[in-house]
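This report describes one protein chain from its overall form down to single residues. The sequence and the model come first, and the notes follow.

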Amino acid sequence: MKIICWNVHYDVNDKKYSHIMENECDILILLEVTYKSYDFLKSNWDYSLWYNDTLYENKSDYGIAIFSKKYKLDFTENFNRNLRYVIPLKVFDKEQFLFYLFSVWTKPIPINYSVNVLKALECTEYKEYVSDRALFIGDFNTPTKKEKRKEYDALIGKGLIDCARTEDILKPTYSHSEEINYFTADYCFATDKMKTSFEISESIGEFDNDIKGKDKYQGLSDHCPIFIEIKEI
């Protein structure tokens with residue numbers, strides 16, 4: 001199984017979609033996407049889901065779009081919407097359950113960014129999921145560098161395992177607009193049970209340093225996509 005996850009930065013367009021589809025994938029997770037774009041793209045896929053909320057904003061046009069060619073996707077029975085956005089899904093191969101997939105694009109209100117993920121690991125509603133085979137994939141809005149990794153260490157301290165290849169751990173995935181500072185903000189984390197059931201490898205796209213400005217990844221987004229390969233052991 002191949003998964004691609006990308007914060008496309010203020011919606012997907014033809015150029016961004018064509019670029020990402022140069023890479024084959026079974027599941028595509030796009031963050032910061034409007035429902036209109038999701039509705040247009042979903043006909044190209046066998047399964048699709050979209051989520052956003054207006055809990056703490058008068059208007060929230062952007063959400064998470066998830067597409068799959070082969071694997072059936074569904075929301076879990078339990079869902080704590082206040083943990084924004086840490087969206088719990090179930091992934092099936094036909095009718096066989098494979099694992100839980102938490103699609104992540106964290107928000108600052110009412111809980112600050114990656115603390116939403118920490119709360120998800122602790123909350124009663126998700127106890128069944130996080131003690132099983134589960135992945136957390138997406139934009140954690142947790143800017144991590146080698147010298148600044150408090151939030152990252154907190155996630156690792158809760159038992160999550162970084163799936164990035166050794167050479168890609170803490171590799172930049174996000175470029176900040178002021179003086180183009182680079183941080184890691186996008187991750188694929190696995191629970192221990194997930195790592196004992198599957199071989200998981202995450203690689204990260206490269207920023208184009210010839211592009212001057214915030215939108216660094218091939219001139220398309222301020223985030224790099226992440227690529228995840230999963231093989232059953």
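A disulfide is taken here as a pair of cysteine sulfur atoms within 2.5 Å. The coordinates are those of a predicted model.

## Cysteines

By this rule the chain has 0 disulfides. The sulfur of Cys-163 has its closest cysteine sulfur in Cys-188, at 3.9 Å, which is too far for a bond. Seen from Cys-188, the closest cysteine sulfur is likewise that of Cys-163, 3.9 Å away.

Both residues of this pair are shielded from solvent in the model: Cys-163 is buried at 3% relative accessibility, and Cys-188 is buried at 0%.

## Overall form

The chain contains 6 helices and 13 strands. Its radius of gyration is 16 Å, close to the 17 Å that the globule rule gives for 233 residues, so the chain is as compact as a globular protein of that length. Along the principal axes, the C-alpha trace spans about 45 × 45 × 40 Å.

Of the 233 residues, 53% count as buried. The accessible surface comes to about 11,100 Å², and carbon and sulfur atoms account for 45% of that area. Among contacts with a separation of 6 or more, 65% are between residues 24 or more positions apart.

## Nonpolar cores

The largest nonpolar core has 53 residues. Ile-29, Phe-99, Leu-135 and Ile-137 have the most contacts inside this core. Strand S2, residues 27–34, gives the most to the core, with 6 residues. A second, separate core has 23 residues, including Phe-102, Tyr-129, Phe-140 and Phe-189.

Which residues does Phe-99 contact, leaving aside its neighbours within four places in sequence? The contacts of Phe-99 are Met-1, Leu-89, Lys-90, Val-91, Arg-133, Leu-135, Met-194, Phe-198 and Ile-230. One of them, Leu-135, is also among the residues with the most contacts inside the largest core. Another, Lys-90, takes part in a salt bridge with Glu-77.

## Salt bridges

The count of salt bridges comes to 14. In the bridge between Glu-77 and Lys-90, the N to O distance is 2.7 Å. Glu-77 lies in the loop between strand S5 (71–75) and S6, and Lys-90 lies in strand S6, so the pair ties together parts that are 13 residues apart in sequence.

Asp-39 and Lys-42 form another salt bridge, their closest N and O atoms being 3.1 Å apart. Asp-39 is partly exposed at 37% relative accessible area, and Lys-42 is partly exposed at 30%. Between Glu-147 and Lys-145 the closest N and O atoms are 3.5 Å apart, and this pair also forms a salt bridge. Here Glu-147 is exposed at 62% relative accessibility, while Lys-145 is partly exposed at 28%. Elsewhere, a network of salt bridges links Arg-165, Glu-167, Asp-168, Lys-171 and Glu-206.

## Backbone features in loops

The peptide bond from Ile-109 to Pro-110 is cis, with omega near 0 degrees. Pro-110 is placed in the loop between strand S7 (96–105) and helix H3 (115–122).

Two residues other than glycine have positive phi values. For Lys-94, phi is near 60 degrees; this residue is in the loop between strand S6 (86–93) and S7. For Leu-170, phi is about 65 degrees, and the residue lies in the loop between strand S9 (161–162) and strand S10 (174–175).

Terms used. Residues numbered from 1 in each chain as written. Predicted model: local features only at pLDDT ≥ 70, side-chain atom pairs only at ≥ 80, totals over all residues. Heavy atoms only, no water. Core = buried A, V, L, I, M, F, W, Y, C linked by side-chain atoms within 4.5 Å. Buried < 20%, exposed > 50% of the residue type's maximum accessible area, 1.4 Å probe, protein only. Helix = DSSP H or I, 4+ residues; strand = E, 2+ residues; numbered from the N terminus. Contact = heavy atoms within 4.5 Å. Salt bridge = Lys/Arg side-chain N within 4 Å of Asp/Glu carboxyl O. Rg over C-alpha atoms; globule rule 2.2 N^0.38 Å. Areas by Shrake-Rupley, 256 points an atom, 1.4 Å probe, with all protein chains shown as cover.
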